Amino acid sequence: MRRWIWLLLWAGCAKPPEGQALPFQTLGAFEYKDKMKLPDDVTQWNGKLVKVTGFMNPTAQARNLTTFLLVRDRASCCYGKMPQINHYIDVKLKPGATADYSSDPVTIQGVLKVEDRWDGDWQLGLYWMEGAEVVR
């Protein structure tokens with residue numbers, strides 16, 4: 001009986017799964033053309049739990065962010081040029097979670113969706129992460 005209790009306690013303390021490291025270069029290592037078929041080395045990440053390091057690009061405010069773009073470099077963050085469509089991930093944090101803008105690199109963990117989304121003729125993005133968390 002003691003073993004079962006110990007096992008149950010130990011199982012409850014188990015670490016949550018850790019995402020596989022995904023270098024941003026993998027997502028942006030190709031020249032994107034409208035409505036093209038994405039490379040296999042990119043689509044293989046669809047639906048996987050990943051960790052990606054980049055820079056926050058807040059779309060509205062700087063504090064209590066629930067959504068932001070994660071961009072691969074500072075040149076496309078905040079005051080630079082608009083990032084190419086395959087150089088950012090649209091991030092939505094877990095319900096109730098918030099983050100403050102940081103000019104330092106951040107690592108985000110979540111399930112990556114690789115999906116070319118459009119609203120009519122307006123392209124919304126290629127990469128999406130919902131239920132994400134800032135891990136550093």
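Student: Why is E115 called partly exposed?
Tutor: E115 has a relative accessible area of 39%. Buried means under 20% relative accessible area, exposed means over 50%, and partly exposed is in between, with a 1.4 Å probe and protein chains only. The 39% of E115 lies in between, so E115 is partly exposed.

Student: What kind of model do these values come from?
Tutor: This is a predicted model, in which local features need pLDDT of at least 70, side-chain atom pairs count only at pLDDT 80 or more, and totals for chains, interfaces and linings use all residues. Residues are numbered from 1 along each chain as its sequence is written, and side-chain values use heavy atoms, with hydrogens and water left out.

Student: What makes E115 and R117 a salt bridge?
Tutor: The closest N and O atoms of E115 and R117 are 3.4 Å apart. A salt bridge needs a side-chain nitrogen of Lys or Arg within 4 Å of a carboxyl oxygen of Asp or Glu. The distance of 3.4 Å is within 4 Å, so the pair counts. R117, at 23% relative accessibility, is partly exposed.

Student: How do you know that D100 and R63 form a salt bridge?
Tutor: Their closest N and O atoms are 3.9 Å apart, which is within 4 Å, so this pair also counts. It links distant parts of the chain, 37 residues apart: D100 is in the loop between strand 4 (88–93) and strand 5 (106–119), and R63 is in the loop between strand 2 (49–57) and strand 3 (67–71). Strands are DSSP runs (E, at least two residues), numbered from the N terminus. The whole structure has seven salt bridges.

Student: Is R63 buried or exposed, and why?
Tutor: R63 has a relative accessible area of 58%, which is over 50%, so R63 is exposed. D100, at 39%, is partly exposed.

Student: Why is T107 called buried?
Tutor: The relative accessible area of T107 is 5%, which is under 20%, so T107 is buried. T107 is found in strand 5. Leaving aside neighbours within four places in sequence, T107 is in contact (heavy atoms within 4.5 Å) with residues including K51, V52 and V134.

Student: How do you know that strand 5 and strand 6 pair?
Tutor: Two strands pair if DSSP finds at least two bridges between them. Strand 5 and strand 6 have nine bridges, in the antiparallel sense, so they pair. Within this hairpin, which has two residues between the strands, G120 takes a positive phi near 65 degrees.

Technical notes
Helix = DSSP H or I, 4+ residues; strand = E, 2+ residues; numbered from the N terminus.
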